[in-house]
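Hi,

Here is the structure we talked about. Please have a look at it, then read on for what turned up.

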Amino acid sequence: MRPELQNGGVGSSCTGVVKIYWSGSGEVHALKGIDAVFPPAAITALVGPSGSGKSSLLRILACVDRPTAGQVFVGSKEISAMSRGKRRSVRRGLVGYMFQRPADNLISYLTAAEHLEMAAKLRGSDRAGEAEELLDVLHLRSRASHRPSQLSGGEQQRLALASAVIGGPVLVVADEPTAELDSVSGEALMGMIGQLRDRGTSFAVATHDPIVMEAADQILHLRHGALEAETKQSRALSVIDASGRIQLPPEMLRLFPGRRAVIRLDEGEVRITPP
Ligand code: ADP
Ligand code: MG
């Protein structure tokens with residue numbers, strides 16, 4: 001069953017997603033049953049320590065990799081049972097992808113304008129003026145005839161973003177897109193991702209960067225391949241373990257610099273406050 005989507009629009013979702021890698025040294029259980037919804041017109045940040053499964057989940061959402069078990073919807077397409085060829089066509093048509101390293105997103109001999117032309121063609125989109133509009137929104141108009149080596153790291157990532165969103169994909173997946181940028185370029189990139197979100201694009205962004213978490217509408221916390229909490233929209237969903245321990249999301253943990261809390265039962269609600 002497909003989880004309910006908010007806003008009634010086309011979003012993406014996964015249910016019970018498991019990913020096991022088999023390698024010479026044995027099995028790695030990278031994802032252990034992930035249920036998540038990536039609503040339209042929203043930025044979902046995926047956070048968690050290195051090795052927690054962020055990239056594995058993004059590769060599955062981006063139709064690059066297949067889950068070992070579970071269901072994945074990109075828009076109305078259920079991709080987990082699709083052949084490699086069908087997945088490739090969903091990826092081209094419905095998903096935009098951005099890697100961490102600016103250079104990995106771009107082709108050295110194409111100009112910025114040619115990148116957008118190629119990305120639009122791959123997506124099967126020919127909306128007149130869209131490339132020019134994106135170059136304006138992403139402050140790249142004066143760079144249209146430049147090749148990647150003539151662009152700064154921030155400009156390269158903005159071009160990668162433009163290529164990922166052209167043609168209106170259902171989902172844009174970005175794996176640590178600000179990791180190699182200075183904080184000013186990272187903030188500029190996230191500001192523009194925010195503008196594109198406001199036009200309806202759904203983003204799934206793996207990150208360690210507070211700038212991205214700040215801009216996100218929803219934050220999913222991954223640990224050892226499981227979701228441990230969902231925060232933002234003034235709610236936090238956290239797992240209580242068998243001993244009664246609960247993990248506070250980082251932004252709440254900051255309220256407790258002394259790492260001591262007063263716990264009170266107040267009309268059926270548990271209140272946790274600094275001493
Ligand atoms: P993150 O992006 O959060 O750092 P990953 O999804 O890259 O996490 O990795 C999750 C786990 O899966 C790690 O233990 C990692 O070593 C393992 N892993 C990732 N890709 C592969 C692969 N192709 N083969 C074997 N193990 C992998
Ligand atoms: Mg990763």
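The side chains of D136 and R141 make a polar contact, at 2.8 Å. Keep in mind that this is a predicted model. D136 sits in helix α4, which covers residues 130–137. Is D136 buried or exposed, or something in between? D136 counts as partly exposed, because its relative accessibility is 39% and that class runs between the 20% and 50% cut-offs. One distance for orientation: D136 and A164 are 15 Å apart, C-alpha to C-alpha. In sequence, 28 residues separate D136 and A164.

Next, T207. T207 has a relative accessible area of 1%, so it is buried. The cut-off for buried is under 20%.

Last, the surface charge. Which residues form the positive patch? They are R66, R84, R88 and R92. R92 belongs to helix α2, residues 84–94. The relative accessible area of R92 is 43%, so R92 is partly exposed. Patch members need over 30% relative accessible area, and R92 has 43%.

To look at these spots yourself, start with the side chains of D136 and R141. Finish with the patch of R66, R84, R88 and R92.

Best wishes

Technical notes. Residues numbered from 1 in each chain as written. Chains lettered and ligands numbered in written order. Predicted model: local features only at pLDDT ≥ 70, side-chain atom pairs only at ≥ 80, totals over all residues. Heavy atoms only, no water. Patch = residues over 30% accessible without salt bridge, like charges linked within 9 Å, V, L, I, M, F, W, Y side chains within 5 Å. Areas by Shrake-Rupley, 256 points an atom, 1.4 Å probe, with all protein chains shown as cover. Salt bridge = Lys/Arg side-chain N within 4 Å of Asp/Glu carboxyl O. Lys, Arg positive; Asp, Glu negative; His and termini not counted. Charge placed at Lys NZ, Arg CZ, Asp CG, Glu CD. Helix = DSSP H or I, 4+ residues; strand = E, 2+ residues; numbered from the N terminus. Buried < 20%, exposed > 50% of the residue type's maximum accessible area, 1.4 Å probe, protein only. Polar contact = N/O pair within 3.5 Å; in protein donor to acceptor, adjacent residues only side chain to side chain.
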